[in-house]
Structures are given as structure tokens and as C-alpha cells.
Amino acid sequence: MILNHTHQWADSMKKWNLELFCIPTAIITLATLLANPVLLICIFLSRSLRQETRYLLVANTLIADMLFLVLNLATVMINSLGVQIPWLACELAITMVVTAYCCAVLTVTLMVIDTFAAVRWPLRYHDFLTPCHTRCLLVGVWILSALYPFTLLIMMKVKEDSPHEKVIYCLAFIFLKEGGICFYFFVAALICTLLILYCYIRLYMVTRTQGIWHNRFSRARVTVLAHGVLLLLYFVPGFVFTLELFMFQKKSMSQDVHVWISTVNCCILMLLPRAFAPYLYGLRYREIADTLMLVLLHRHKRLNQISLS
């Protein structure tokens, strides 16, 4: 079944020349991988930044995005080249991609909850969310993100008849069609969406009398707009992927349509939030931008000293 479906998928990819989608995937991935490490260096070099919850959450999002981008690019390139890989390696790659994606979405949700808690309970916020508590929370997020995919992988390995089979396409749908993961994705995304909506609505109700929303281009409005756009970009590909899983199980979608939607989703839509995140979540924080400027100025000063000597 695995070999038949991957060969059918390969025929559809060659029919529409969809291997060319690896080009924008590589460009977006490389551009993001150039920006994310710079922001991570700024956060971890500054003692004040790495002691704050919001910057630790930003750092965790960037790390999860980088892991997702590297694994996704490797999978897309292998699929485009038609290289045969062991099915076990494909399953491990898909499991880690799912883990990284879920971790990023959960961390983004925690960023909204963190903002809500800081505004709603400013006096108790720092006592409750200490750096130690935040790091423990992030470890829990990674464990929660990996729990279901790796449990599913172990369950499938136990009952799999041909674990050493090689495939020419690494397709997430074949691996994720079991275990009700479609329902898991939908429920998890729905819970995160409801939490985010609740926090934003409560934030507006709490702060609407403080005058920060009166100006059309106030910092509060611009921040909410930027975060809203990024949240939309993070969640839409997840809902599209959940719909793909559901349609794949019901066999109600034609092969060519399925291939097109899947290719656009994994090569474009899933990469857009990761390409915008360094700028909408990173450089919008003045402290990160100031730290980046200090690092660049210090490097420039050292280069001048070396050249003069």
C-alpha cells in the first residue's frame, strides 16, 4: 500500500512539474535560517533578555521553527530528487516535523497567554512566572508536543509487517492516517484558537478605558494586528493539513487536487509564518533590536581595530 501510493504520488508530481516548488522552499528556509540564529544570539547573550518569560518564549518559537524548516526542506529535497529512503527514516522525520510544528503553535499560544497574564495580574506576574518556571514550562511543551506523534510511531512499529521497506516519497498522510491524529490535530488547534480569542477579548475589555486603542495607529493596535496576522499564518496551514488528513481517509479528494494542496501547504503556507516571525515577534521588541545593534556595533568596532593594527 505504501509503495503503490508513493508511486501514484510521484506520477502526479511529475505530471504537473511540482518538483519546482523546492526552489521557493529552499529560498524561504535559507532566509529564515539566516535571521533566526541572529535573534537567538541576541536573546541568549543578554542576561536581562534571557531572564524574561516573553523572550524565552520567542527563543523557543524560533528554535522549533528552525527544526521544522530543516527537516521540511530535507524532506522536500529528497522527494524532489526521487531518492529512495527507508520507511523508518521517513517516519522519524515526519514525527519530528509534527513535534516541531506543534511546539511552535503551543509556544505562540503561550505568548498570548503570557501577555494576558502580564496585563491582567501585573503584581503577581513576576512572582509566578520566574525564569525557572518558564524553562520548566517549555520542557513540558516539548514533551507534550512529542508525546502523541512518538506514541503513534511506537504503536505502528509494533504492528508493522515490513518496517525495512524503501519509498521514493516521504508522505505524512500515510504515516498519520492511523490513530485518530486528524481528530487530535483539530481538537488541539481548536483549544489553542479559543484560548487566544479569549485572551485577546479579555485584554481589550480590561484596557479599553485606558485610551490605548483610541489612536488608529497606536502601538497596541499595531501589535495586536501584527500578532493576529502571524497567528493566522501559523494556524491556517494546520487546519488545511487536518482537512487533508480527513479527506485522505475518506478517499473523497482526487489524487491531483490532493497533491497540489499538499505541495502548496508544505512548501509555501507552512513556511510563511516562520519567515515573518523573526520580524513580527523578534525585531518588534525594542530590547532585542537594541541588543542586535550593540552586537553589530561591537563587531564593527573590533573589525576596525583589527584593520588598524
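Reader: In what order do the elements of the chain run from the N terminus on?
Author: This is a predicted model, in which local features need pLDDT of at least 70 and side-chain atom pairs count only at pLDDT 80 or more, while totals for chains, interfaces and linings use all residues. Residues are numbered from 1 along each chain as its sequence is written, and side-chain values use heavy atoms, with hydrogens and water left out. There are 12 helices and two strands in the chain, taken as DSSP runs numbered from the N terminus (helices H or I, at least four residues; strands E, at least two). Read from the N terminus, the order is α-α-α-β-α-α-α-β-α-α-α-α-α-α.

Reader: What percentage of the 309 residues counts as buried?
Author: Buried means under 20% relative accessible area, exposed over 50%, and partly exposed in between, with a 1.4 Å probe and protein chains only. Of the 309 residues in the chain, the buried share is 44%.

Reader: How are α3 and α6 oriented to each other?
Author: Helix α3 (residues 53-81) packs on helix α6 (residues 131-159) with axes 10 Å apart and an angle of about 25°. Axes are lines fitted to C-alpha atoms, for helices over the stretch in contact, and angles between N-to-C directions run from 0 to 180 degrees. Angles under 35 degrees count as roughly parallel, over 145 as roughly antiparallel, 65 to 115 as roughly perpendicular and the rest as oblique. The two helices are therefore roughly parallel.

Reader: Which residues of α6 make the contact with α3?
Author: Contact means heavy atoms within 4.5 Å. On the α3 side are Thr 53, Leu 56, Leu 57, Asn 60, Ile 63, Ala 64 and Leu 67. The α6 side consists of Pro 131, Thr 134, Arg 135, Leu 138 and Trp 142.

Reader: Is α4 roughly parallel or roughly antiparallel to α6?
Author: The axes of helix α4 (residues 87-120) and α6 come within 9 Å, crossing at roughly 150°. That makes the pair roughly antiparallel.

Reader: How many nonpolar residues has the contact of α4 with α6?
Author: Ala, Val, Leu, Ile, Met, Phe, Trp, Tyr, Cys and Pro count as nonpolar, Asp, Glu, Lys and Arg as charged, and the others, Gly among them, as polar. In the contact of α4 with α6, four residues are polar and two charged, and the nonpolar ones number 19.

Reader: What is the phi of Asn 17?
Author: Most residues other than glycine have a negative phi. Asn 17 lies in the loop between α1 (2-16) and α2 (22-45), and is partly exposed, with a relative accessible area of 48%. Although Asn 17 is not a glycine, its phi is positive, at about 55°.
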